[in-house]
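This report describes a complex by way of its interface, its chains and some individual residues. The sequence and the coordinates are shown first.

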Amino acid sequence: MFRFLSGFGSYWILMGKVFSKPEKPSIYYRQTMKELVSLGLRSIGIVTIISFFMGAVITLQTAYNTENPIYPTYLIGLGARDSIILEFSSTIVALILAGKVGSNIASEIGTMRVTEQIDALELMGVNSASYIILPKVIATVLFNPFLTLISIITGILGGWIVGTTADVTTSQDYIYGIQYAFIPYYITYSLIKTVIFAFIITTVSAHQGYHVEGGSLEVGRASTKAVVYSSVTLLLFNVILTQLLLS
Amino acid sequence: MIRAEHISKTFGDRQVLTDISALFEPGKTNLIIGKSGSGKTVFLKCLVGLLEVDEGKIWYNDVLFTGLDFHGKKEIRKQMGMLFQGSALFDSMSVEENVRFPLDMFTAMSYEEKLERVNFCLDRVNIVNSNKLFPSELSGGMRKRVAIARAIALKPRFLFCDEPNSGLDPKTSIVIDELIREITVELNMTTIVNTHDMNSVMENGEKIIFIEEGEKCWEGNRNEILQSDCRLLNEFVFANSLARQLKNSSK
């Protein structure tokens, strides 16, 4: 309990340092652009692949569960669309990014800590927490909504291609299903979750990396902890946000 | 000038530094020597403010450094340069970007002016045609020299070096020592070097402080070290037979 409270306290102290006034905004802008490429653009591939197959599996499972003459076949498209928008493209993709981006952030910052690069920044009079972490937070919070949109489109596309190829639905029914009773707020809900999840993944992982003490072994441990802690926090907030935004 | 008064530091129950006082003068290479684990690095980190002291005061000229808040310390830190044990170059930046970093951060110089300063610093440490290389492509000695170039980019008044010779061959160590000594005189800096390299002690030791188990045991210069009667210092400095012969011949 004491360790939890101590970690919770040090997280908020770190956030206080991260969100203090940047020394030189032009440098931060340049760093943010680098992070957009590193944490955002380089995640498009994995998000696309996972979303395509996720959409395909959701479509096949929905078809299997609605295999009854009383259910219209357009329900397959409708079910796949809502599952993808409401849960899979925000939460599941966030969990995958917690693995990819979270471990990347924790190990990068942890290595900077053990190789004294963070000390070097502090010694120069640079707010190391803000200089290293703030650009990452801005980059993920700005870019992850695009990843979610890409995931939604790819997921629905994957469901359509596999659903029609496996002959569990027709192209006409699937397209009718994904248009039927569409509620635009679901997209807003999904994007709100994505922004909060992006913040959680980046800050929790950065916190783990920033406080590494020791050597490469501890950096590895911090990387693992970053994935576990950010995933658990993210799932907890998923419940809270769903209750707040959909009730 | 840097003045440390009665510095003490503990980590949990462990007393790492006990009542250390010292005066480091400008234009001189001041050495802190001692065994591994004696508290040299902790003392150096306390001097630069990377670690908070439990007791004692640190003065930078007439400014009480230990009494300053974050912003006050930040102003003093702009006058500091530090060479870390592992060089601490930024992995994601090229040699040029590493040396340019403090200029980007704290000056309003144009790109051309910054580049001129970067090239001057790199030239000063004998690094040529390597601006676009990354730290992973450099040898240990080159990394140390680039780190020195970065440390002097803002023309600091205080230079700190934490074991600048660690991991280097004897010849490269001498090159680094000479470089530190020359730059110290050129820029009239107050330089403090942590070392347990005896070549450095004999070549650069204009002022030497010997620390043993967190306490200052001896203070003097490279000439006085040969005449010293301090048992702990003699055991440390004249650990091998060749060094003992040197000491005996000097008597």
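## The interface between the chains

How many residues of chain B are in contact with residues of chain A? The model, which is predicted, places 14 residues of chain B in contact with 13 residues of chain A. On the side of chain B that touches chain A, at least two residues each are supplied by α2 (70-77), β6 (80-83) and α3 (95-106) of chain B. The largest share, 3 residues, comes from α3(B).

By class, this side of chain B divides into 9 nonpolar, 1 polar and 4 charged residues.

## Confidence of the prediction

For the complex, the predictor gives an ipTM of 0.85 and a pTM of 0.87. Chain B has a mean pLDDT of 88, and 98% of its residues reach 70 or more.

## Chain A: a helical chain

Chain A contains 9 helices and 0 strands, and its pattern along the sequence reads α-α-α-α-α-α-α-α-α. The C-alpha trace of chain A spans about 70 × 40 × 35 Å along its principal axes. Of the 247 residues in chain A, 46% are buried. Among the contacts in chain A with a separation of 6 or more, 87% are made by residues 24 or more positions apart.

Two packed helices are described by the angle between their axes and the distance between the axes. In chain A, the axes of helix α4 (residues 74-114) and helix α6 (residues 128-165) come within 8 Å and cross at roughly 145°. The crossing of α4(A) and α6(A) is right-handed. The contact of α4(A) with α6(A) comprises 14 nonpolar, 8 polar and 2 charged residues.

In chain B, 6 strands form an open sheet of mixed pairing, in the order β6-β7-β8-β3-β9-β10. Its edge strands are β6 and β10 (215-220) of chain B, each of which pairs on one side only. On average, neighbouring strands of this sheet are turned by 15° against each other, direction ignored. The edge strand β6(B) also supplies at least two residues of the side of chain B that touches chain A.

Within the sheet, strand β3 (residues 29-33) of chain B runs parallel to strand β8 (residues 190-195) of chain B, and 5 bridges join the two. Leu31(B) has Val193(B) in β8(B) as its bridge partner. An antiparallel pairing is found for strand β1 (residues 2-11) and strand β2 (residues 14-24) of chain B, over 7 bridges. The bridge partner of Ala4(B) in β2(B) is Ala22(B). The hairpin of β1(B) and β2(B) has 2 residues between the strands, and Gly12(B) takes a positive phi near 65° in this hairpin.

## Chain B: helix α3 and its packing

Which residues of α3(B) are buried? They are Val95(B), Asn98(B), Val99(B), Arg100(B), Phe101(B), Pro102(B) and Leu103(B). The buried residues of α3(B) pack against α4 (111-124) and α5 (140-152) of chain B.

## Individual residues of chain B

Cys217(B) is found in strand β10 of chain B. Is Cys217(B) buried or partly exposed? Cys217(B) counts as partly exposed because 16 C-beta neighbours lie inside 10 Å. Leaving aside neighbours within four places in sequence, Cys217(B) is in contact with Phe210(B), Ile211(B), Glu212(B), Cys230(B), Leu232(B) and Leu233(B). Of these contacts, Cys230(B) is 13 residues from Cys217(B) in sequence and 7.9 Å away in space, C-alpha to C-alpha.

Asn126(B) is placed in the loop between α4 and α5 of chain B. Its phi is near 60°, a positive value in a residue other than glycine. Asn126(B) is exposed because 12 other C-beta atoms lie within 10 Å. Asn129(B) also lies in the loop between α4 and α5 of chain B. The phi of Asn129(B), near 55°, is again positive in a residue other than glycine. Asn129(B) counts as exposed, with 7 C-beta neighbours inside 10 Å.

Notes: Residues numbered from 1 in each chain as written. Chains lettered and ligands numbered in written order. Predicted model: local features only at pLDDT ≥ 70, side-chain atom pairs only at ≥ 80, totals over all residues. Contact = placed C-beta atoms within 7 Å. Helix = DSSP H or I, 4+ residues; strand = E, 2+ residues; numbered from the N terminus. Nonpolar A, V, L, I, M, F, W, Y, C, P; charged D, E, K, R; others polar. pLDDT = per-residue confidence, 0-100. Buried ≥ 20, exposed ≤ 12 C-beta atoms within 10 Å, placed from the backbone. Axes fitted to C-alpha atoms, helices over the stretch in contact; angles between N-to-C directions. Left-handed = near helix turned anticlockwise from the far one by under 90°. Pairing = 2+ DSSP bridges.
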